[in-house]
Amino acid sequence: MSKSHRGTIVTTVVAVAVVAALGTAYATREKGSSGTSITAVGSTALQPFVEAAGEEYAKTNLGTFINVQGGGTGTGLSQVSQGAVDLGNSDVFAEEKDGIDAKKLVDHQVAVVGIAPLLNKNIGITDLSIKQLQAVFTGKVTNWNQVGGKNQKIVIINRAAGSGTRATFEKFGLKGAQSIEAQEQDSSGMVRSIVATTPGAISYTAFGYIDKTVVAASVDHIAPTNKNVAAGKYPIWSYEHIYTNGKPKPAVAKFLKYLTSEEIQSTLVPKLGYISIHDMRVIRQVDGEITVK
Amino acid sequence: MDKITQKLMQKSESTKKDSLGRAISLAALSLIVIVVISIFTFVMSRGLSTFFHDGVHVKDFLLGSTWNPSVINPQTKQPYIGALPMILGSFIVTFLAAIVATPFAIGTSLFMTEIAQKRGAKIMQPIIELLVGIPSVVYGVIGLTVIVPFIRQIFGGSGFGILSGTIVLFVMILPTITSMTVDTLKSVPRHYRESALAIGATRWQMIYKVVLRAATPGILTAIVFGMARAFGEALAVQMVIGNAALMPHDLTSPASTLTSVLTMGIGNTVMGSLQNDVLWTLAMILLLMSLVFNLVVRAIGRKGELK
């Protein structure tokens, strides 16, 4: 008798749990469709910005929920062109990515990010010309004394192929040259700590990751600062793009407008290490052509 | 029809429960089968499209030594898709880790089963079981903060490379191999040991000539299982191997494995593009290899059954 009792109890508990789970799922679904949910997927470099701005936005726009996911630039662009998500975050122009039909996508530039060459402190170099950067990353020189540093072997650390930071660095820092095959890391934080601890190491990260453990070299004697990027003097920078598939829905358009508003651009953007889109005094096209605003 | 006949003709409570149980098990089984088949079909269809859709030659893929799928080789008009560096990298770390781990695993399990059974069961068993459950990211972090700087100090260079990967994998697969070897040694019948001791063998002779011989198939199975885990391990290896898709020419320069290239690249490529397809092909190779490991385990099990 007690055995069958136990069976009944277990059955009841399971049944209640299933009903509760279904109920919760149903309730969440209901909320999602009655309120507005905007999903953004893509670039991990842009993710913290969209996340933070999304939280702020949800505070003032009750019922709107901004769901931000990483996954990488490639994922973001392919998901948004399939119409699977509302926003596709990207570090590069959609035109530059293979396999993406850029005509369908509308570009919204929400921030600018500068990228600096990162060197180990003991190399003894604080400035590199574009020519020297090319020579180092294409393997033409293999020792730092060939470009004015100590007698130390050069250790190149790349970001993963296809990452936005690497694409930007190769396009503007190496003038389109490809880096030789070298070790790859998949996050900027990791790159910084490896450069800091490995003798002779060189890599590159967004300005936001520069700290005292590494040397951020100037390029052709121009220091990697937000001011120099905004003035169009410092060459290695890129836009952070948010793509929509065709013209955005009103709710999405409102959020995009919020992202480029003066309020966000002057507070959140510099706080997270990006450069405000309003500060830029130059405009760069897909083909790299720069015009003064 | 009277009551008794009716009762006998009807399905009893127990029969109903019996068929219910059967239905539940069958449902669970078919779900698993469907999942496995779907995974296989999906990975295969995406992985094979490199060859059928993008027109890459299998030979170029398996034997080419330059990996850079986003760049077209000006001579052959084909992208650089030589996967040999990663395939070799995976096999080298796997075999090295297994070679280093096996003697330690056998030694530990012999100690636990033959030499100090009580202490083995009380202290070592829980420790080994705990080690099996440690998440791979923990091994990776330890590798990154302890092993990589250590290797850098001794051998120079950046410290990332096959040697660091081997050491991390060795620690990771050691408990797997050990716990399976312990089970095998325990299953060697007691009368084998008794017979050996009765005709005057020392303990070491008994272990070496009887127990280990009888347990060989089981130990081999344990090693293959450890290798399967090492081959498929992604995170910990990715953190310490350096991820350079270069042909491995020594143990302390950065190299890469199938899994590390896969996890690094998949988010940066666009679904359906060649760059994405070749990654799926790498995944397909991983899947086929795990199948091979499984078949090897079965073959060992069949051949070496205790008679």
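**A walk through chains A and B**

Let's start in chain A, where strand 1 (residues 36-42) and strand 3 pair in the parallel sense over three bridges. Strands here are DSSP runs of E with at least two residues, helices are runs of H or I with at least four, and both are numbered from the N terminus; two strands pair if DSSP finds at least two bridges between them. What you're looking at is a predicted model, in which local features need pLDDT of at least 70, side-chain atom pairs count only at pLDDT 80 or more, and totals for chains, interfaces and linings use all residues. Residues are numbered from 1 along each chain as its sequence is written, while chains are lettered from A and ligands numbered from 1 in the order in which they are written.

Stay with strand 3 of chain A for a moment. A:Asn89 in this strand stands opposite A:Gly42. Strand 3 of chain A is also joined by three bridges to strand 11 (residues 237-245) of chain A, and these two run antiparallel. There, A:Gly88 has A:Tyr243 as its bridge partner. In a regular strand the side chains alternate between the two faces of the sheet. Both faces of strand 3 (residues 87-90) of chain A are covered, with A:Leu87 and A:Asn89 buried on one side and A:Gly88 and A:Ser90 buried on the other. (Buried means that 20 or more other C-beta atoms, placed from the backbone, lie within 10 Å of the residue's own; exposed means 12 or fewer, and partly exposed is in between.)

Now over to chain B, which has twelve helices and two strands. Its radius of gyration, taken over C-alpha atoms, is 25 Å, well over the 19 Å that the globule rule gives for 307 residues, so chain B is more spread out than a compact globule. That rule is 2.2 Å times the number of residues to the power 0.38.

Helix 7 (residues 162-186) of chain B is worth a stop. Of its 25 residues, 23 are buried, so the rest of the structure largely encloses this helix. Its end C-alpha atoms are 35 Å apart, which agrees with the 36 Å it should span at 1.5 Å a residue, counting one less than its number of residues. There's a kink of about 30° at B:Ile173, shortly before the proline B:Pro175; the bend is the angle between axes fitted to the seven residues ending there and the seven starting there.

Finally, where the chains meet, 23 residues of chain B are in contact with 26 residues of chain A, contact meaning C-beta atoms, placed from the backbone, within 7 Å. Strand 1 of chain B gives the most to this side of chain B, with three residues.

Terms used:
Contact = placed C-beta atoms within 7 Å.
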